Amino acid sequence: MTSIKQPGEKELMLFSGRAHPGLAEEVASNIGVSLTPTKLHDFANGEIYARYLESVRGCDAFVIQSHTAPINQWIMEQLIMVDALKRASAKRITVVMPFFGYARQDKKGRGREPITARLMADMFKTAGADRLMSIDLHTSQIQGFFDGPVDHLFAMPVLERYLKDKLDLANTTIVSPDTGRVRLNERWADTLGTPLAFIHKRRDLDVANQVKVSEVVGKVRGRTCVIVDDMIDTAGTICKAADALYEQGATDVIVAATHAVFSDPAVDRLKNSRISEVIVTNTLPLREDQRFDKLTVLSIAPLIARAITEVFSDGSVTSLFEGDS
């Protein structure tokens with residue numbers, strides 16, 4: 001079955017790009033549909049071709065694509081798929097991007113810089129998207145960049161369920177790797193009933209991915225510390241944060257993050273660090289050489305499937321997070 005129909009009303013159809021087919025198949029299985037057959041290929045010069053092999057007229061279309069490396073190729077492919085749906089008379093188009101590419105470029109830090117996250121939202125709107133869905137945006141303000149509904153999903157319930165089963169919460173501290181993540185980590189600490197700490201860091205604006213950890217603020221001595229972040233890119237921030245926590249007397253350090261970007265040399269840094277476990281979700285695909293013994297990957301597919309079902313049935317996405325939106 002490639003769609004769900006409500007007699008005389010709506011038809012749900014799910015489409016996937018080529019970036020992360022495994023996640024898309026898992027989402028489809030959770031919803032109870034098959035991915036709509038789609039022809040996607042590259043021309044000799046790198047241009048992308050897309051065509052749907054079934055009629056999409058009047059459907060409620062959900063286009064899922066993970067913005068992984070090579071990120072510009074997969075963003076362009078998703079834009080082309082949205083344009084094809086618009087021109088084929090899909091009734092409503094929801095762009096599902098588990099990881100929102102360019103989300104870190106959400107403001108101007110200095111003069112003559114772009115706000116590329118806004119450009120992303122504009123491009124999808126121009127292509128024909130009626131709605132966006134993403135998980136753990138780098139900053140919540142990105143929701144305001146798109147002129148239409150944005151479903152901001154949280155991986156926190158997925159990660160927390162796993163951690164609750166293995167932690168002694170009475171001896172655990174949630175740690176924000178920087179001041180920008182404090183609000184997110186406050187929610188974690190409130191939900192788990194643990195203290196909150198944070199790490200004050202300074203970043204060199206002239207050198208990308210270079211971080212200097214200054215000091216730890218909070219109760220960490222003799223405790224298990226869980227560093228919570230939205231993504232791990234080169235792992236420089238996370239590994240320096242872990243070292244700072246051990247220097248302040250932490251007995252164990254665990255990392256929980258939604259997006260495993262894992263740009264080089266992240267895997268080597270994490271494998272050789274004092275971090276005991278790295279917990280991520282499968283919003284982004286991981287190659288075999290990016291997997292290591294300390295890595296735990298949790299599936300985000302059931303959460304995405306439930307959100308898609310709520311949107312299709314005009315239900316409440318907010319209810320999935322007990323009041324968070």
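1. Alanine 241 counts as buried, at 0% relative accessibility; buried means under 20% relative accessible area, exposed over 50% and partly exposed in between, using a 1.4 Å probe and protein chains only. Alanine 241 sits in helix 6 (residues 236-247). Helices here are DSSP runs of H or I with at least four residues, strands are runs of E with at least two, and both are numbered from the N terminus. Between alanine 241 and histidine 200 there are 41 residues in sequence and 9.4 Å in space, C-alpha to C-alpha.

2. On the basis of the note: the model is predicted, local features need pLDDT of at least 70, side-chain atom pairs count only at pLDDT 80 or more, and totals for chains, interfaces and linings use all residues. Residues are numbered from 1 along each chain as its sequence is written, and side-chain values use heavy atoms, with hydrogens and water left out.

3. The largest nonpolar core has 45 residues, and Leu14, Val27, Trp188 and Ile308 touch the most other members. Helix 8 (residues 301-312) gives the most to this core, with eight residues. Apart from this core lies another of 32 residues, including Met13, Val63, Val82 and Phe145. A nonpolar core is a set of buried Ala, Val, Leu, Ile, Met, Phe, Trp, Tyr and Cys residues joined through side-chain atoms within 4.5 Å. In soluble globular proteins, nonpolar side chains tend to be buried together.

4. Leucine 14 can be described by its neighbours. Not counting residues up to four places away in sequence, leucine 14 touches Ala24, Val27, Ala28, Ile31, Val33, Ser34, Leu35, Thr36, Phe62, Ile64 and Ile308. Contact means heavy atoms within 4.5 Å.

5. Valine 311 belongs to helix 8 and is buried, with a relative accessible area of 3%. Leaving aside neighbours within four places in sequence, valine 311 is in contact with Phe62, Arg92, Thr94, Arg131, Met133, Asp151 and Val317. One of these, threonine 94, is 217 residues from valine 311 in sequence and 9.2 Å away in space, C-alpha to C-alpha.

6. Helix 2 (residues 71-87) packs with helix 3 (residues 116-127) at an angle of about 30°, the axes being 8 Å apart. The axes are lines fitted to C-alpha atoms, for helices over the stretch in contact, and angles run from 0 to 180 degrees between N-to-C directions. Helix 2 and helix 3 are therefore roughly parallel to each other; angles under 35 degrees count as roughly parallel, over 145 as roughly antiparallel, 65 to 115 as roughly perpendicular and the rest as oblique. Helix 2 contributes Ile75, Gln78, Leu79, Val82, Asp83 and Lys86 to the contact, and helix 3 contributes Met120, Met123, Phe124, Thr126 and Ala127. By class, the residues of this contact are seven nonpolar, two polar and two charged. Ala, Val, Leu, Ile, Met, Phe, Trp, Tyr, Cys and Pro count as nonpolar, Asp, Glu, Lys and Arg as charged, and the others, Gly among them, as polar.

7. An unreviewed UniProt entry places the feature "domain: Ribose-phosphate pyrophosphokinase N-terminal" at residues 12-128. Over residues 12-128 the chain is 34% helix and 22% strand, with the end C-alpha atoms 17 Å apart. UniProt positions are given in the numbering used here, feature names are shortened, and annotations may be inferred rather than shown by experiment.

8. Under "binding site", UniProt (unreviewed entry) lists His138 and Asp178. Although spread over 41 residues of sequence, they cluster in space, the largest C-alpha distance being 12.8 Å. Histidine 138 lies in the loop between strand 7 (131-135) and strand 8 (150-153). Leaving aside neighbours within four places in sequence, histidine 138 is in contact with Ala103, Arg104, Arg181, Asp230 and Met231. Aspartate 178 is in the loop between strand 9 (172-176) and helix 5 (182-192) and is buried, with a relative accessible area of 14%.

9. Some backbone details deserve a look. Most residues other than glycine have a negative phi, and most peptide bonds are trans. A cis peptide bond joins alanine 69 and proline 70, with omega about -5°; proline 70 is in the loop between strand 5 (60-64) and helix 2. Another cis peptide bond joins aspartate 264 and proline 265, with omega about 5°. Tyrosine 102, not a glycine, has a positive phi of about 70° and is partly exposed, with a relative accessible area of 28%. Alanine 235 has a positive phi near 70° and is buried, at 3% relative accessible area.
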